[in-house]
Amino acid sequence: MSSTDTRSDHRVSPIFLGIAAIMAVSGWAVWTGFSASPGFAVFLFVVSGWVVSLCLHEYAHARTALHSGDITIGEKGYLTLNPLKYTHALLSIVLPVLFVIMGGIGLPGGAVFIERGRIRGRWRHSAISAAGPLMNVLFAIVLMLPFTLGATDSWPVGFLAAFAFLAMLQVTAAILNLLPVPGLDGYGIIEPWLSYDVRRQVEPFAQFGLLAVFGCLWIPEVNRAFFDFVYTLMDWFDVPAGASDYGYTLFRFWSSS
């Protein structure tokens, strides 16, 4: 850790705590039926939960980079979980939320800037890229375990559906971000092992990878195959597909009858 690191570099941001509080309060509103607009409460719960997961995704990248040799991570504010510290607010927050609204798809964008020149060893570079999606995997498992353990049997239907939809977003985020597509973490995992010529030829396409994946998912056959796979994975944890579908319906409260 560098001499410029301070405790404030690692203190959890009030902004992140505020987002987590919105998630908790809106979740309580969905559970109790307190909100006059149940759909809007579900929307707030899912969006705030999704942003929390985005912050944790980027934190995992940053923390792994710090321990791999990039000692500038702390001073950039990445360890505070503050989404406003991310390099590209559009890619890291706005686009992922729009992807959820438009297609019910969880797809994190690029956010933290890592000084790769400070890091030695291909395994470390791969680990940094893998850390984010693995956080989504962990988050997905945590969200799906209550279904596996039968703890959701007594949950209110609206909260169960919102919870299942949030879990589905984590599953889709993990799968999609592990694809070996330039611009996504899956490509970042294998990139250190590619030749210099291959990396140079692929580099110009990295800025389009995120949008290309989202565009492909609008192809009906691709979309159907993808969600069949997602539902199969969730079925292993006893999460009913109908629950996440209903959660998405509640989430889109503006289009619900």
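Reply: Happy to! A term to begin with: a residue is called buried under 20% relative accessible area, exposed over 50%, and partly exposed in between. Please keep in mind that this is a predicted model.

Me: Is Trp-28 buried, exposed or partly exposed?
Reply: Buried needs a value under 20% and exposed one over 50%. Trp-28 has a relative accessibility of 45%, so Trp-28 counts as partly exposed.

Me: What kind of aromatic pair do Trp-28 and Phe-34 form?
Reply: A pair of aromatic rings is described by the distance of the centres and the angle of the planes. Planes under 30 degrees apart count as stacked, over 60 as edge-to-face and the rest as tilted. For Trp-28 and Phe-34 the centres are 5.0 Å apart and the planes are at 40°. That makes the pair tilted.

Me: Which residues form one aromatic cluster with Tyr-248 and Phe-251?
Reply: The whole structure has 24 aromatic pairs by the distance rule. Phe-251, in this cluster, is buried because its relative accessibility is 0%. The other members, besides Tyr-248 and Phe-251, are Phe-40, Phe-43, Phe-165, Phe-253 and Trp-254.

Me: Which residues make the nonpolar surface patch of about 430 Å²?
Reply: One of them is Ile-22, which lies in helix 1 (residues 14–32). Ile-22 has a relative accessible area of 42%, so this residue is partly exposed. A patch takes residues with over 30% relative accessible area. The patch is made by Ile-22, Phe-40, Leu-44, Phe-253 and Trp-254.

Me: How many salt bridges does a search of the whole structure find?
Reply: Side chains of opposite charge can pair when their charged atoms come close. Here Glu-115 pairs with Lys-76 at 3.3 Å and with Arg-118 at 2.7 Å, while Asp-197 pairs with Arg-200 at 3.8 Å. The search of the whole structure finds three.

Me: How many residues apart are Glu-115 and Lys-76, whose salt bridge has its closest N and O atoms 3.3 Å apart?
Reply: The closest N and O atoms of Glu-115 and Lys-76 are 3.3 Å apart. Glu-115 sits in the loop between helix 3 (89–103) and helix 4 (122–148), and Lys-76 in the loop between helix 2 (38–68) and helix 3. The pair therefore links distant parts of the chain, and the two residues are 39 residues apart.

Me: Which residues are linked in a network of salt bridges?
Reply: Glu-115 forms a salt bridge with Lys-76 and another with Arg-118. Glu-115 is partly exposed at 24% relative accessibility, and Arg-118 is partly exposed at 40%. The network links Lys-76, Glu-115 and Arg-118.

Me: By about how many helical turns are Asp-197 and Arg-200 separated?
Reply: Asp-197 and Arg-200 meet in a salt bridge through their side chains. They are three residues apart in helix 7 (residues 196–202). The separation is therefore about one helical turn.

Me: Where does helix 4 bend?
Reply: Helix 4 has 27 residues and reaches 37 Å from its first C-alpha to its last, close to the 39 Å expected. The helix bends by about 35°, and a proline, Pro-133, follows within four residues of the bend. The bend is at Ala-131.

Me: Is Leu-81, with its positive phi, buried or exposed?
Reply: Most residues other than glycine have a negative phi. Phi of Leu-81 is near 65°, and Leu-81 lies in the loop between helix 2 and helix 3. With a relative accessible area of 9%, Leu-81 is buried.

Me: What separates the C-alpha atoms of Ala-162 and Phe-45?
Reply: Ala-162 lies in helix 5 (residues 157–177) and is buried, at 0% relative accessibility. Along the chain, Ala-162 and Phe-45 are 117 residues apart. Their C-alpha atoms are separated by 7.7 Å.

Key:
Residues numbered from 1 in each chain as written. Predicted model: local features only at pLDDT ≥ 70, side-chain atom pairs only at ≥ 80, totals over all residues. Heavy atoms only, no water. Patch = residues over 30% accessible without salt bridge, like charges linked within 9 Å, V, L, I, M, F, W, Y side chains within 5 Å. Areas by Shrake-Rupley, 256 points an atom, 1.4 Å probe, with all protein chains shown as cover. Salt bridge = Lys/Arg side-chain N within 4 Å of Asp/Glu carboxyl O. Buried < 20%, exposed > 50% of the residue type's maximum accessible area, 1.4 Å probe, protein only. Phe/Tyr/Trp six-rings, centres within 6.5 Å; stacked < 30°, edge-to-face > 60°. Expected span 1.5 Å × (residues − 1). Bend = angle between axes of the 7 residues up to and from the residue.
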